[in-house]
Number of protein chains: 2
Amino acid sequence: MEEYQDHSLSGRVFQKIRENILNGKYKEHDELRENTIGKELGVSRTPVREALRQLELEGLVSIVPNKGAYVTGISSKDVDDIYIIRSMLEGLCARWATENITAAQLDELDEIILLSEFHIKKEGGVSADQVTELDGKFHSILYEASNSKILGHVLTDFHKYVQMARKTSVVSEERARKSIREHKQILRAIREKDTDLAEQLANEHIMQVIQNLKKQGYEQTGGENGKD
Amino acid sequence: MEEYQDHSLSGRVFQKIRENILNGKYKEHDELRENTIGKELGVSRTPVREALRQLELEGLVSIVPNKGAYVTGISSKDVDDIYIIRSMLEGLCARWATENITAAQLDELDEIILLSEFHIKKEGGVSADQVTELDGKFHSILYEASNSKILGHVLTDFHKYVQMARKTSVVSEERARKSIREHKQILRAIREKDTDLAEQLANEHIMQVIQNLKKQGYEQTGGENGKD
DNA sequence: CCGTGTATAATTGTATACAATTATACACTT
DNA sequence: AAGTGTATAATTGTATACAATTATACACGG
């Protein structure tokens, strides 16, 4: 989905600006001038404009006609809200996935869990990028398995939104282990066609992430985090 | 929010194309050529491109790099899914609104209900546009009152998505009366700070809409409906 | 006759040019 | 000296021009 994002210039500009908003380089209420950003990235105004228009739809940028584009940003309350909404929707997703998942998708999920366990056993310090990547993959397969374009779309959006917060969250080894254990439980419930349990577990799984975030304080949201 | 949509050319092109997708003029898998649409609307390719990029993000259009933009459309299953998701989220919204609503917003809601009752009593045949408009207003105030930018954003999106289906749905006078009655109940629960009840009622309110849609069959989704 | 390759046309991707709007600076009036 | 009006600059909005990619047509070889 949205594969053009990688190939086209506009797509890459879009991703770059979003990244700069999420990692705090562009701060709330900053004015995003088309020329400035274009020169920064070595492109003309056109792809920058397209990117800004898309970001407006995502809610990260607010455009005032004939005036300019301003960073809306994402507050820690927004992150909280997203997790609460996600916990409901991931539950629904697990329910629908239980009803529609294919054997191939079940295999994929198995594979991901195996890989996750491999990566976490491998090193003392957990490889954050790898684990985060696999966690994302696990959920996105569930999105597909739900067989609901709409639900998948919303959840994917949210997922991208909080990816920064998540990257800092899942990094603790303890949490990573628990997360994988939860994934395994969800997968078992799905395999055994226990829709109610799958829903409940997926719901709680996201709630756990919230707990974890709260424990850390996640002040890093919106600040430099050395990624990239 | 998104006020530029009305002023800028790109914004109007965006709305026009979306309308044409939702009302079925542009059908699933249709290729949307920038030049063609531009000539149709009497504008250049630039605003059309911007509009198509935005529509891709909304999921109504799918863009293949260097090839073209294709209508994704919205199936009746999509509409079903949206209502189910909405019923959960409207519940959450009512809960949060109960906790955060202001006196002014309560007054606005009162006003809307009064207006709705006025319009429905006025004529034998219910004025669909008016009632739909007021229904939309009622919900959007609740979105604001929830004090959650994120939740409001998602629900607004969904609302727009299904506005066509809704327009045909709420049109029956019986349903319109019930809908207003449900709004009144929700409002009372909010005013009495009964969060659980508000959530439950808002949830059921959307469920009712689903029931109503199913009863009608809503085959009109995606077909010409003479609006505009 | 079918398939392949090349030339041509059509379409998208990006950059630039021009128009319209908004911000800024500074002189002028009071 | 403060406020206002106008000229100028800066920025956004739209259109057009050019480049790159993809689709189409047709000739050629099998």
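A residue is near a molecule or strand if one of its heavy atoms lies within 4 Å of it. The model is predicted: local features need pLDDT of at least 70 and side-chain atom pairs pLDDT 80 or more, while totals for chains, interfaces and linings use all residues. Residues are numbered from 1 along each chain as its sequence is written, chains are lettered from A in the order in which they are written, and side-chain values use heavy atoms, without hydrogens and water.

**View 1. Residues around DNA strand D.** Sugar or phosphate accounts for 72% of the atoms of DNA strand D within 4 Å of the protein, and bases for the rest.

**View 2. Polar contacts to phosphate oxygens of DNA strand D.** A polar contact is a pair of N or O atoms within 3.5 Å. The side chain of A:Arg49 places a polar atom 2.7 Å from a phosphate oxygen; for B:Ser10 the distance is 3.1 Å, and for A:Arg33 it is 3.4 Å. Helix H4 (45–58) of chain A, and helices H2 (9–22) and H4 (45–58) of chain B, each give two or more residues to the surface near DNA strand D (helices are DSSP runs of H or I, at least four residues, numbered from the N terminus).

**View 3. Chain A laid on chain B.** A turn of 180° with a shift of 0.0 Å along the axis gives an RMSD of 0.1 Å (least squares on C-alpha atoms of residues with pLDDT of at least 70 in both copies). The two copies are therefore related as by a two-fold rotation axis.

Terms used:
A polar contact is a pair of N or O atoms within 3.5 Å; within protein, one must be able to donate a hydrogen and the other to accept it, and residues adjacent in sequence count only if both atoms are side-chain atoms.
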